[in-house]
Amino acid sequence: MKGEGLALDEIDRGLIRALAEDAQASAGALGRRFGLSQPACWRRIQRLREAGVFRGARLDLDLGRLGFGVTVFLGIKLATKGRVSLEDFERAVSAIPEVQLVEHVLGAFDYRLRVAARDLPDFERVLRRRIMTLPGVGNVEANVVLSEERRPGPI
């Protein structure tokens, strides 16, 4: 399997941390930072990529500057269980543009959603017209994000 049993040294871990902070960092700049030549650094990054350590590069959007001032995490408990209802729910919720993240979870809820809205009235519209009408939706719990701090992870 990709990434399974991959031996990482301190330089690999440093490269992962550096790329997590800035995915556009050049192999030359990273090589200088970690005492490697540009080609040696590039080969290490390629090895990590081929092993599946990196799933891709994403833009970190400032939603507030784009007009989305409210982020809400929703816990969704489906009213009915079964393979068909899970697939129907996942397909329908994935089509809602305001839903940024869909996680199938174990615990009090079946799904956790991250929803971006312009403001609270916009969130209420999304909740009432789009989310509450999804197939199988039962209980819903909302948590409005007041602030957020990004952590680099365990590496």
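**Helix α4 and its pairings**

Mentor: With a relative accessibility of 28%, D88 counts as partly exposed. This value, like those that follow, is computed from a predicted model. D88 is a partner of R91 in a salt bridge, where the closest N and O atoms are 2.9 Å apart. Both residues belong to helix α4, and because they are three residues apart there, about one helical turn separates them. In general, an α-helix has 3.6 residues a turn, so residues three or four places apart point the same way. R91 is exposed, its relative accessible area being 56%.

F89, by contrast, has 0% relative accessibility and counts as buried. One aromatic pair is found in a search of the whole structure, and it is formed by F89 and Y111. Their ring centres lie 4.7 Å apart, and the planes make an angle of 40 degrees, which classes the pair as tilted. Since F89 lies in helix α4 (residues 83-94) and Y111 in strand β3 (residues 111-117), the pair ties together parts that are 22 residues apart in sequence. Y111, at 1% relative accessibility, is likewise counted as buried.

The loop between β1 (70-78) and α4 contains T80. T80 is partly exposed, at 44% relative accessibility. Leaving aside residues up to four places away in sequence, T80 touches S85 and G136. Its C-alpha atom is separated by 48 Å from that of E10, which is 70 residues away along the chain.

For comparison, the search of the whole structure finds 13 salt bridges. One of them joins the side chains of D12 and R44, at 2.8 Å from N to O. This pair links distant parts of the chain, with D12 in helix α1 and R44 in helix α3, 32 residues apart.

D110 counts as buried at 7% relative accessibility, whereas K77, with a relative accessible area of 25%, is partly exposed.

Note on methods:
Residues numbered from 1 in each chain as written. Predicted model: local features only at pLDDT ≥ 70, side-chain atom pairs only at ≥ 80, totals over all residues. Heavy atoms only, no water. Phe/Tyr/Trp six-rings, centres within 6.5 Å; stacked < 30°, edge-to-face > 60°. Helix = DSSP H or I, 4+ residues; strand = E, 2+ residues; numbered from the N terminus. Buried < 20%, exposed > 50% of the residue type's maximum accessible area, 1.4 Å probe, protein only. Contact = heavy atoms within 4.5 Å. Salt bridge = Lys/Arg side-chain N within 4 Å of Asp/Glu carboxyl O.
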